[in-house]
Amino acid sequence: MIPNGFRYDYCTSFNLLKPFATARRHKTVDIFRPWNFNLQTYLFAGYHSCSNENPKPEEQETHQGTSCIGEHVSLLCKDGQLQGALDRWFVMDRQGISTDCKTYSRLLQGCITKRALAQGNRVHAHIMQTGFEWSIIVYNNLLNMYAKCGSLRVARQLFEKMHEHDMISWNALISGYAHHGLYEEALEQFFKMQIEDMRPDQFTFASILSTCANMGDLEKGQQVHGCVIKSGWESQIFVGNALVDMYGKCGRIEAAHRLFDDNQEKDDVSWNALIAGYAQIGNGEEAVKLFCQMQRMGFKIGHFTLGSILKVCASIPMPEQGKLVHAYIIKSGHESNVLMISAILDMYAKCGRMDYSQQLFDEVPQQGEVLWNSLITGYAQNGHGEKTLKYFFQMLWAGLKANHFTFGSVLKASSSIANPEHGKQIHSFIVKTGFESDILVGSAIVDMYAKCGVAEDARTMFYKMPERNVVTWNTIIAGSCQAVDAEEALNYFCDMQQSGMKPNHFTLSSVLRACTSIVSLDYGRQVHVHIIKNSSDIDEFVGSSLVDMYAKCGAIDDASKWFEKMPKCDIVSWNTMVAGYAQNGRGEEASRLFHEVLMSGIKPDQSTFTSILSVSASIAALDQGKQVHAYAIKVGFETWVVVGNALVDMYAKCGSIAEACNVFEEMPERDTISWTALISGYAQHGRGKEALQLFEQMQHKGYKPNDITFVAVLSACSHVGLLDEGWHYFNSMTKDHGIAPRVDHYACVVDLLGRAGFLDEAENFIKKMKLKADAVMWRALLSACKIHGNVDIGQRAAEHILELEPHDASTYILLSNMYSLAGKWDDATRIRNMMKIEGVKKEPGLSWIEVSNTVHSFAVRDRSHPQTVSIYAKLERLLKQMKEAGYVPETNCAMYGMDYE
């Protein structure tokens, strides 16, 4: 027909398809494309029309129609064409063909694969509208769909309405809770199913052991392990692997390794679980050794194993080992796999090597959505907000579609550059693409608005969300903390509890941070009581937050007690305690704790180094700082920007500005903080002109100064009396850089005017400024008045300080010294008497000296040192030599009669 020019029509095609369909010659039908839907239906009917023997003609027609549609829907779903499957199903429904159990199940499974909640809702609605007869198979698929798509409230309601439950029903609900981080609910259902005489199977145990692992709840994990042994599932490889994973994630790596060795059967999942366990405790070297051992023993290294070891290299991080794994992937021919390339790209990004990630991305000939998402996420994770947005728009221009992972990264980028306008544009685009109702994207939008300081928009989006989970609540609570609205964060915490949502360790950590930000020890203690009452165990994450709260609220002894009580401490816990001692002026304890960290075998991270270097800086322990520097070089941390910044700051504050410059010059990468640290160092050493030259060089090289940079610059101008330059930089903050001056900046200007002797101008400047003056600002004016002998302005400044801080000893002392210098002895005596009446005492000052790598501190009249006798004898000799040399002490400002004198 075709060679002779005849064109086949629908009837001809239908009759031609009939024998091919009956004979199952499906490859022949390509000549009939494009197909009419009814022709496709008939073809599929031909494939499956032999299932019934001698059906009646009308039954055969109905069965063929329903069966072929079901098979076609199934094939489309398996091929990932969910929308195509739904389109076929809608046509079938319009034609009056009823939907059977298999078709419903296949559609729901397709929705599960695509996480298509909206489409799943439509299928559910159709089931309800048509009065479909109860089928546990269909309802299990419905339950699984809601659970996997994150709509757990609906899943729970459906579960409770079901006429009966089988093992699949229980597993669907438990795994749904576990997958979405509702671990307590998963455990509740696990114990409830046993009460109802339903024995868990290997899938139940795997889910619940994964739950215990993610909770870090060793006690419950051991209880479940006991149930596994009683049920006889321990030898099943699926459960054995889950046990290894649970013990590894709970920090019991020895138990995990023992179970691994005892397992008679091992697969790549077994090895991956143990490798991940060693990675969990920061032992990347052992994880890499296991990977090499796995190769030597002949186990097939598949994509999953390679992905696991890449995650290990990313989490430690170990970029050099990651390179070796990358080389193995190329050698073994796995590099052509898109997901593997994405994992390598992600590894380099998490190791901070975005240059490698970018190079790998550029070398791939066809960059699909997966690779674009990995690159965009990498830039977002490394704080490169501008580049994240740049590649997001390039991805769209390339015709690729963004998903919820993409939007999460892009919203994070908008947060990092603190640009709410960019964020609002992205939000509008999300609304157009239909992703706003996605719970993960919705939480990211709330987070973006909160971090950009648009609290009202964050609140509006939060209440607009159709469903909220614990992540959503955590986001709004953490956002309120970041917006310095701690009371609002505490209100959200109360609302969360009233809604029935149980807080997790992230929630509790954020609430404790809120208590810290308002320095409310009472609130902090109340939250601590709540944690004890409602949590059977406190993990390292919450424990570290408690230590931090007590330390920052000034209760350092309580922080120390709680730290000692913690059953398990990770490096974050140690860092928190070290930083707490440093912040509370307990440098010796911080140094001792740092040495304990090293002796315990726990590897310090960059936070450990920054904390101990700040301690060395605060007590001017140069030798100790040098030793820490040497150790940082040994373990490879000196190249990290934050460690380099801390080293510059330490050397500058310890008086070694030359060493600070050397570290700065040798840093492979710098940021704004690096430049600010050195500028501040120059300012502290009275080298104001060098500080300003460095500031100009910083801007010339493209680094943007921040508000702290300007504090350092203004301080430099103040220390060397550069009045005109100081005014210029103060005005340029707003005009050229868009930075609104804070109280710190105003205080620097007051100090600048005061040191130059412009006391009236300084007082008027304080009165006219937009912000409310704090005690620091008035104290700067009072100090200047003491230097220049201006009693009138000094007295007014002191009055303002005492209104703000009535028990500040330094104000009384400054005012008394000022009266003494002016010869107003009666007023000086009056101030001393006021101190006694108010019960104000000057805290004795501390001096320290470093001898043989040990810091020795001394207070006035201190006799606690074991070598006191020798020390005072030496002091007597020095005083005698000073007098013989003609030294006469300056006593004009001495506050005679005071206890501390």
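# Exercises on a predicted helical model

R115 sits in the loop between α5 (101-114) and α6 (117-129); helices (H or I, at least four residues) are DSSP runs numbered from the N terminus, as are strands (E, at least two). This is a predicted model, in which local features need pLDDT of at least 70, side-chain atom pairs count only at pLDDT 80 or more, and totals for chains, interfaces and linings use all residues. Residues are numbered from 1 along each chain as its sequence is written, and side-chain values use heavy atoms, with hydrogens and water left out.

## Exercise 1

Describe the backbone and accessibility of R115.

Step 1. R115 is a residue other than glycine with a positive phi, near 50°.

Step 2. Buried means under 20% relative accessible area, exposed over 50%, and partly exposed in between (1.4 Å probe, protein chains only). R115 has 42% relative accessibility and therefore counts as partly exposed.

## Exercise 2

Step 1. The loop between α10 (183-195) and α11 (202-215) holds D197.

## Exercise 3

How are α37 and α39 oriented to each other?

Step 1. The axes of α37 (residues 641-653) and α39 (residues 672-684) come within 9 Å and cross at roughly 0°. Axes are lines fitted to C-alpha atoms, for helices over the stretch in contact, and angles run from 0 to 180 degrees between N-to-C directions.

Step 2. Angles under 35 degrees count as roughly parallel, over 145 as roughly antiparallel, 65 to 115 as roughly perpendicular and the rest as oblique. The two helices, α37 and α39, are therefore roughly parallel to each other.

Step 3. In contact (heavy atoms within 4.5 Å), V641, N645, V648, D649, A652 and K653 of α37 meet I673, S674, A677, L678, G681 and Q684 of α39.

## Exercise 4

Which residues of α48 are buried, and on which side do they lie?

Step 1. The buried residues of α48 are A828, I831, R832 and M835.

Step 2. They cover an arc of only 95° around the axis, so they lie on the same side of α48. The arc is that of the directions from the helix axis to the C-beta atoms.

Step 3. These buried residues of α48 pack against α47 (809-821).

Step 4. Exposed residues D826, K836 and I837 are on the face of α48 turned away from its buried side.

Step 5. After α48 comes G839, with a positive phi near 75°.
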